[in-house]
Every structure is written in C-alpha cells, then in structure tokens.
Amino acid sequence: MGAALALAERTRGSTAPNPNVGCVIVRDGRVVGRGWTQPGGRPHAEAMALAAAGPRTRGATAYVTLEPCAHVSARGPACADLLVAAHVARVVVAIGDPDPRTDGSGIARLRAAGITVDTGVRAGEAAHGMAGFLTRQRLGRPFVTLKLATSLDGRIALPDGSSRWITGPEARAHTHLERSRHEAILVGRGTWQADAPRLDVRLAGLEARSPQRVILSSHPHPSALRASSLSRWEREGAPQARKGEGESDVLWIDSPHAIAALPADHLFVEGGAATAAAFLRADLVDRLLLYRAPIVIGAGTSAIGDLGIADLGTAHGRWRLHDARQLGTDRLEVYERTPCLPA
C-alpha cells in the first residue's frame, strides 16, 4: 500500500475531476503491475496496473488507495468490473469512495464475485493524499492551500511595496513545486495589477503543470471570464485547458465562496494580505504554507489583513503543525486545519 500511495502522488493536482489514485498488483510476492490515475483523470490507476500485469493478474492481490469505481462512463469501464474480469483473488483498499455512484458498490461487487476485500489499510495517509477529491465530494469546493512568504516579523513587503525577494531561491523553488500540485492558483486583484505575477511553474520538466490562473476581485472587469459562467463542470468531463500566457485564460471570481465553481480540486492561494484575510475569515483555508526568511523588516505590509478576532481564545486550536523543514536559509512550516478533513 505504501507503494500505491507513492504512485498516487505522481499526478496530484492534474487528475480533477477524478481522484489521484495509486494501484499495485502483487502475485507470488512480486509486483507484476503498477498504475496511477493519468492526467485528466483517465485511464484510472487500476486499469493501468491491470494492463501492465496482463495474464499475471489471476490469483493476484491488488492494492488500491481508493475503492474501485462501480460506474461505467463514456471515458472508460468500471474498475470493479475490470478487477473481477482479471480474476484477482484479493483487493486491499485504503479508503472508500464517497462518490454516490460508487460509495460501497465497488467493494460489494468485488465481494459478490468471490474476491476477498480488506479495507482501511493506511487510510489516514490515503485520505491526506486525496484531500482535494474528498473536500470536493464533502464540501463542494476545492481543498485550499494558503501560501505566505514573510519576514520573521510577519511582513511581506517594505513600506514602499517592494517584495522581491523576501525568501531565497530554495524556498521559491519549493513554491513552484507546490504550484505544480494544484489545478488552480489565485491572487487578489491588487497583487495582479501591482506585481503582474506569471503564476506559472518554472521548474525544469514541470512547466506543463502550470495551474489555471484565478483573480479575486469584488468588481471584476465586465469582459472578464467568470468562473461561474463556465459550462457545468461534469465530473466525467475534460479539465479546462489553459489558452496561453496572456490574460485570455484567467478566471475571475467575486468572492472566496465562488471557488466552488472553479474547475479544480486543489486551489493554491498566494496573496496578497487582503485576499489571505478574506479566505481565512470565510473559513476556507485547509492548509497553510508559511515560508519565513531570517530577516526583520519593521514597518511594512503585514502578511494578513484584519481577521476581526476580538478574543484570543477563539484563535487557539484552529491549526496543527504537520511538517517543518529548512529550505536554504529559510524555514518552512506547514499547518493543517483541525480537523484536516471534514467528517
């Protein structure tokens, strides 16, 4: 299952509206097939692994990070049916699929065919790796990561607005890696107009993983492409394609809650201070990436605007530290909301 979880991470941020799933097929103690959900959501991990294993699937064990789907679509067959047809003897599943088209039906179909099914293996790790898909299923919106790059005293710019660069090259490279794991990236209109950020991925080999650009503005330009004006985002539909490096592909939304209309399961929010505060006030941030440079600025722009907190007691218990590491001279701390995922 550990190998399947690692495979699932390969296309995180590029499989929406489908989940990023990993699958490993083992026979006689040897791996005979591996698969992971491909960009755009098809083929599914199980289909890829079964194709790689070929006739060696008979009597094998399949390890899958998510319950095999039970519905047939125009884009491919149901993975539960594929596993039955492949004559596997056992399927080990990390977590069930909350999609109402499957939600237990995949496991039931396998068991009805005489296949042994074990569930709950490394379920916490699987849920963490598919947080975007699960948040979309349970809350109807993307999983939101808020990124902040600050000085030790919480500033993101000098008094004159200068902000390049607070953090060093290692931290900036890590930010680009994070961008590649999200389908959409968002900044406020002020940041968009003042800094003209590219909001793309500039790491060798990952340039094609640049996310959809989104601008938050309470008063979008009348000709702006609104997320809410997109054709209905069908779960089996193809993801929205980027049109280029101009502004024709930029989506505009007029409130944080409008992210529900975005064609994304993972949203990366980069700023500025008013935008960060707006998402926090709306309780829409699931994960915080805090990059801290070893500098003190003093007067300058605060990383986050007013949150309206009148009692410090209400600020405690909201976040838990998930990871911390050194990136060159900078320090990265990753915080997740408590609980990390809705029940």
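Start with the inside. The largest nonpolar core has 37 residues, and Ile 25, Leu 83, Val 88, Val 91 and Leu 110 touch the most other members. Strand S4 gives the most to this core, with 5 residues. By nonpolar core I mean a set of buried Ala, Val, Leu, Ile, Met, Phe, Trp, Tyr and Cys residues joined through side-chain atoms within 4.5 Å. Buried is under 20% relative accessible area, exposed is over 50%, and partly exposed is in between, with a 1.4 Å probe and protein chains only. There is a second, separate core of 25 residues, which includes Val 214, Leu 216, Ile 259 and Leu 284.

Some housekeeping. This is a predicted model, so local features need pLDDT of at least 70, side-chain atom pairs count only at pLDDT 80 or more, and totals for chains, interfaces and linings use all residues. Residues are numbered from 1 along each chain as its sequence is written, and side-chain values use heavy atoms, with hydrogens and water left out.

What does Leu 110 touch? Leaving out residues up to four places away in sequence, Leu 110 touches Pro 68, Ala 80, Leu 83, Val 84, Val 91, Ile 115 and Val 117. Contact here means heavy atoms within 4.5 Å.

Now helix H6, residues 131-139. Helices (H or I, at least four residues) and strands (E, at least two) are DSSP runs, numbered from the N terminus. Ala 131, Gly 132, Phe 133, Leu 134, Thr 135 and Arg 136 of H6 are buried. Their cover includes strands S3 (61-66), S4 (90-95), S6 (143-150) and S12 (266-271), as well as helix H5 (123-129). After H6 comes Gly 140, with a positive phi near 75°.

Next, the backbone. Two peptide bonds to look at. The one from Ala 16 to Pro 17 is cis, with omega near 10°. Pro 17 sits in the loop between helix H1 (2-8) and strand S1 (22-27). The bond from Arg 42 to Pro 43 is cis too, with omega near -5°. Pro 43 is in the loop between strand S2 (30-36) and helix H2 (45-53).

Arg 122 has phi near 55°. Its loop runs between strand S5 (116-119) and H5. Asp 283 lies in the loop between helix H9 (273-281) and strand S13 (287-292). At 39% relative accessibility, Asp 283 is partly exposed.

One annotation. An unreviewed UniProt entry lists residues 1-118 as "domain: CMP/dCMP-type deaminase". UniProt positions are in the numbering used here, feature names are shortened, and annotations may be inferred rather than shown by experiment. That stretch is 26% helix and 24% strand, and its end C-alpha atoms are 12 Å apart.

Last, the whole protein. It has 9 helices and 16 strands. Along the principal axes, the C-alpha trace spans about 70 × 45 × 40 Å. Buried residues make up 50% of the 343. Among contacts between residues at least 6 apart in sequence, 76% join residues at least 24 apart. That's my tour.
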